[in-house]
Amino acid sequence: MSLRIGIDVGGTNTDAVLMDDLKVVSKIKTPTTADVTTGITNGLKFVLESSGTATSAVNGVMIGTTHFTNAVVERRRLQKTAAVRLGLPATAALPPMVDWPQDLADTIGGNNYLCHGGHEFDGRPISALRPDEIKAVAEDLNAKGITAVAVSSVFSPVNTDLENEVAAMLREWVPGVSVTPSHEIGRIGLLERENAAILNACLRQLAAETVAAFRKAISDMGITAPLYLTQNDGTLMSAEFAEQYPVLTFASGPTNSMRGAAFLSGLKDAMVVDVGGTTSDVGALTHGFPREASVAVDIGGVRTNFRMPDVFSFGLGGGSLVKEDPLRIGPQSVGFRITQEALVFGGNTLTTTDIAVAAGVAEIGDPSRVAHLDKALVAAAMARIQEMSEAAVDRMKTSAEPVPVIVVGGGSVLIAKPLAGASEMVKPNHYEAANAVGAAIAQISGEVDRVYSLAGMSRDAALDDAKSEASQKAVEAGADPSTVQIVDVEDVPLAYLPGNATRIRVKAVGDLTLVGR
Amino acid sequence: MSMTLHIEDLPDLARGAAFLGSGGGGNPYIGRLMVERAMRETGRPLELLDLEELPDDAFVITTAMMGAPTCIVEKLPEGMEAAHSLRRLEEHLGRKATATMPIEAGGVNSMIPLVVGMRLGLPVVDGDGMGRAFPELYHETFHIYGVSGTPMVITNDHGDQTLLDTHDNYMMEWLSRGIAIRMGGVAYIAEYPMDGATAKRVSVSGTIGMGLRIGRAIREAREQHLDPFDHLIRSMEGTSYSPARVIFTGKLIEVFRRTKDGFALGTVKIQELGGPRVMTIDFQNENLIAMVDDEVLAVVPNLINILDAETAEPITTEELRYGQRVKVMVVSVPPIMRTPEAIAVWGPRTFGYDVDFEPLT
């Protein structure tokens, strides 16, 4: 038996659930506090006390957070950071941070160093690493007092050696340095991968402080179980790992909702609609995991290419404003002020929640306050809500076949009828806490993304190599070896390179090993 | 009349180059950043020369990159490769170039000659040899109308160079492709050296300006809340890229892809909105043919573009996904691109389709 607490720290609400193996025992939605940790403490306290659970019985705490995304977007609490790139003479045309918004580059100091090194797509070196160059970089970093560094090397997803070597040199020569090698974060596409590594590097100090605060909140409650943070691919990382890779938490919110929806409904291949207060997110689940975005993802104005769920957001939520003549729904919303401003709560603003109550599909607040609403308006607004949801689902589907649709989130009362294009519509138990459930049940993964030259190797041998390495990575991260399976294989031969190169991406996941007590 | 290209023009040009890419040509992003950087460092704009005003005794060397899109986005250039190719070719020929010019107006190659122009202080001829994007180095009006692509120079990031002299342009493509692979999957070239009189005879005129005009029209429509398709079509009226028209509106219901001999092949199906018809578009890096049932509605070398139904932003073949709402636009290409000689090099039969090219009227 294992008891887990899942916590999702959103911009508005902090959701917490206590799960006993696969069963939700207790859940709570509390406001997110300015210091974040108070909200977490409140959630923890409630789920433990309401279920009469001893703190010593808890086996693991899983937290999903938007803290690091917000720090980048708001340019707050970011560390001075340097980028070291290996690839000369190649890549000199476009140095690190060349495509960054100037204010963000300035915030972290904009220091970058171009050095020799790097590989070709087939693994041959571009040029030999020159330790004297790295030594000079180290001396400059020491002189400037910079202790956060991102290291990128051309085709490091094909060969990771150089980034690792340089990281080791810098750790030896720069006291107190923290180094982020780009291959540990991104994939093919040097600028985007390097960008992700630099963002990670500048968040390391904040990550250390935040994770320490999370740890304190948990230990103050008397919980001694390990702490995990959720990643944007729907899997977990240990608190120690999260301190090193805070960037991997970006967009973990929608991922947690989708994973929770899969778990609560028992469906592994489906569309998920997560209706919040202001917006709704739609994504596709394949094999129980969110489909990943294939194009570059912009964070705070910076292009990155690391793993992100492919999510379409649209302006429909429980707090969306409803305007008449002509009928308009959203994108403005009363947001978290819904409990003061919506008609059913005694306010003066007509919201989608009021429409749902007037239509008789939801019981929230005081129904008598919406009894006067024009029946035709209510019907038209409900129809519009339905159309908006159907269009969004259709947009994200991967084929014309009807697929199951899972509806979750606090605002999901709005969707009352089965959506067109859905083979079935499921609103599972605990739908409003799907995000926290997703955090609680998250698994551990390992991934490989590499270009293989097939000159001296068969395609099957390359695939086997990638699969065994991905599985090994999952086990190293804490997965129970007996549960590890390959969930995703992608094999893309490279255009314009006849027959000799292919890019292979493999992901393996397994259940987290938690020691029962 | 010559014009100058400024840093603010580059996003429009990149968007227009993607449109002229007709679904292919590679993402212009990296090239655009290189031109931006050169303009920021030098503080200068770039001079574009009208093809028609080129003196007969001018000397033009075209510049470009060749290789795999995956390698371009990973092994970024040193920055001077294409310029070094041009300089080496000048040395070999014993003659200084008075301008450079694109070989391909669509995709990333719209940008590389601009980098060369900025770095060497050379003007860039407003024209090219494809008028769009195509896969191979002999897909050129230069080739079609009798210009030898070689002597040609290929340069990599180290400054390693190969000088090719081949008996025809097909052998040039074959050898240079192999060399580009050995150079790391991407290399930068200078080829098709020619004098001004020849360039005027064999080039597609005004294609940089055309890219700029198209990219600007799509942006303006968005900013001013105009119908982007009307605005776009109107922007092309009276140019050599007309007529242009929307031939289908629908939703993408299927994308099928495979790779053969290094090319990305595929088929996309689009279901008519509010109707029973389904359009099929085949692509080989670029969109080649659009059909409804057995009726051919558009075919190469005319531009076949799949555009976002709301914004008219071009969607490249890599970006096609189920569920997208799209409009399909066909654009007639300039006459020099659809003579019998040109159709023999890039007409539908050269891509394996048993149909004749019919001009758009």
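A residue counts here as buried if 20 or more other C-beta atoms lie within 10 Å of its own, as exposed if 12 or fewer do, and as partly exposed in between, with the C-beta atoms placed from the backbone. The model is predicted, so that local features need pLDDT of at least 70 and side-chain atom pairs count only at pLDDT 80 or more, while totals for chains, interfaces and linings use all residues. Residues are numbered from 1 along each chain as its sequence is written, and chains are lettered from A and ligands numbered from 1 in the order in which they are written.

Begin in chain B by selecting Ala312(B), which counts as buried because it has 26 C-beta neighbours inside 10 Å. Its phi is near 65 degrees, a positive value in a residue other than glycine, and Ala312(B) sits in the loop between strand S15 (303-308) and strand S16 (325-331); helices (H or I, at least four residues) and strands (E, at least two) are DSSP runs numbered from the N terminus.

Next, in chain A, select Asp325(A), in the loop between strand S17 (320-323) and S18. Here too phi is positive in a residue other than glycine, near 45 degrees, but Asp325(A) counts as exposed because it has 6 C-beta neighbours inside 10 Å.

Move on to Pro331(A), within strand S18 (residues 328-333) of chain A, where the peptide bond from Gly330(A) is cis, with omega near -5 degrees. In chain B, the bond from Thr150(B) to Pro151(B) is also cis, with omega near 0 degrees, and Pro151(B) lies in the loop between helix H6 (141-144) and strand S6 (152-155). Most residues other than glycine have a negative phi, and most peptide bonds are trans.

Now display helix H4 (residues 131-144) and helix H5 (residues 161-173) of chain A, which pack at an angle of about 45 degrees with their axes 10 Å apart. That angle makes H4(A) oblique to H5(A), given that under 35 degrees counts as roughly parallel, over 145 as roughly antiparallel, 65 to 115 as roughly perpendicular and the rest as oblique. Axes are lines fitted to C-alpha atoms, for helices over the stretch in contact, and angles run from 0 to 180 degrees between N-to-C directions.

Finish in chain B with helix H1 (residues 10-20) and helix H9 (residues 207-224), whose axes come within 7 Å and cross at roughly 105 degrees. H1(B) and H9(B) are therefore roughly perpendicular to each other.
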